[in-house]
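Biologist: Before we discuss any assignments, could you put the sequence and the coordinates on screen, so that each label can be set against its criterion?

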Amino acid sequence: MSMLPPPCGDYYPTLDALIAAANKYAREQGYAVIKSRTKKRGDQVFKANLACARGATRKSSGLGKRNSSTVKCGCLFEANAVRKKDTPGWELSIKNGEHNHGPSSPEDLVVHRRAEMKEVREEIRKFAEAGRKPSEIHTSLKTAAEAQGKRLVVSQRDIKNAKRVIAREAMQTIPSPSTSSNDNVPPNGPTEQAAGSSKESNALQLQLLEQRIATQEAQLREKDALLREKDALLQIARLEAELSRRSTNSSDKGPQYPPYDPYG
């Protein structure tokens with residue numbers, strides 16, 4: 001399959017907008033574009049060199065051989081993004097549109113997964129606040145994407161990492177319990193406004209803690225139900241194994257006859 005370079009001739013208001021448009025096209029072709037070098041005029045960037053995400057080579061730090069469709073292989077694809085003074089925006093030009101590798105799946109290219117993560121991060125935050133697991137969030141996002149005729153490329157690991165970041169950000173917004181309400185008291189004494197603000201802060205903190213406790217309790221109930229189901233399945237498996245063993249022993253013995261009596 002021949003991987004075509006992004007089309008040229010359009011102008012973009014920013015360098016990021018140009019790279020995003022180039023990657024939107026490159027995603028369908030099986031590769032990704034990254035910014036390799038930039039040139040400045042004063043403190044303003046006016047030119048950027050773009051390369052294939054598999055362009056550079058990387059020395060392996062392990063003893064084994066890495067077998068991956070995303071390993072860097074020295075691809076020589078190269079393009080320039082330039083902002084000229086007499087043009088309305090950034091313009092793309094292709095220096096070398098050839099690749100030395102085959103197409104890769106968008107799921108295997110971190111550039112495309114990061115771009116999509118920006119689009120679905122708010123949805124992940126809402127699911128995380130509802131106590132949904134990464135696998136459940138991934139299934140919901142995939143179903144929504146397919147309903148729109150799209151393809152989800154973020155992985156469950158990406159969603160798990162995003163949940164950690166979101167939780168860390170939420171913790172940073174919660175006022176520290178060690179902070180005394182007297183820290184914000186004006187020199188002339190407390191005011192009604194300061195007291196009201198302190199009450200609102202405490203109420204918000206209590207609400208967030210209650211939500212977190214409710215989420216954890218729901219997760220514990222779900223885990224307990226799964227453990228009970230697992231125990232029931234194990235008990236059924238043991239009974240079936242015991243029945244199978246008895247059936248096998250009975251068939252091995254063959255038919256039972258009374259002892260032979262020559263005088264009978």
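Modeller: Contact here means heavy atoms within 4.5 Å, and the model is a predicted one.

Biologist: With that cut-off in mind, what covers the buried residues of H1?

Modeller: The cover includes the strands E1 (11-12), E2 (33-41), E3 (44-52), E4 (78-83) and E5 (90-96), together with helix H2 (110-129).

Biologist: Which residues of H1 are called buried, and what makes them line one face of the helix?

Modeller: Buried requires under 20% relative accessible area, and in H1 the residues that qualify are Leu15, Leu18, Ile19, Ala22, Asn23, Ala26 and Gln29. Viewed down the axis of H1, these buried residues fall within an arc of 130 degrees, and therefore they line one face. On the other side of H1, Asp16, Lys24 and Glu28 are exposed, a label that requires over 50%.

Biologist: How does the reach of H1 compare with the span expected of it?

Modeller: Helix H1, residues 15-29, reaches 21 Å from its first C-alpha to its last, which is close to the 21 Å expected for its 15 residues at 1.5 Å a residue. Just after H1, Gly30 takes a positive phi of about 105 degrees.

Biologist: Which members of the largest nonpolar core touch the most other members?

Modeller: Among its 17 residues, they are Leu18, Tyr31, Leu50, Phe77 and Ala81. H1, E3, E4 and E5 each supply at least two residues of this core, and the largest share, 4 residues, comes from H1. A second, separate core of 12 residues includes Leu152, Val154, Ile159 and Ala162.

Note on methods
Residues numbered from 1 in each chain as written. Predicted model: local features only at pLDDT ≥ 70, side-chain atom pairs only at ≥ 80, totals over all residues. Heavy atoms only, no water. Expected span 1.5 Å × (residues − 1). Buried < 20%, exposed > 50% of the residue type's maximum accessible area, 1.4 Å probe, protein only. Arc of directions from axis to C-beta. Core = buried A, V, L, I, M, F, W, Y, C linked by side-chain atoms within 4.5 Å.
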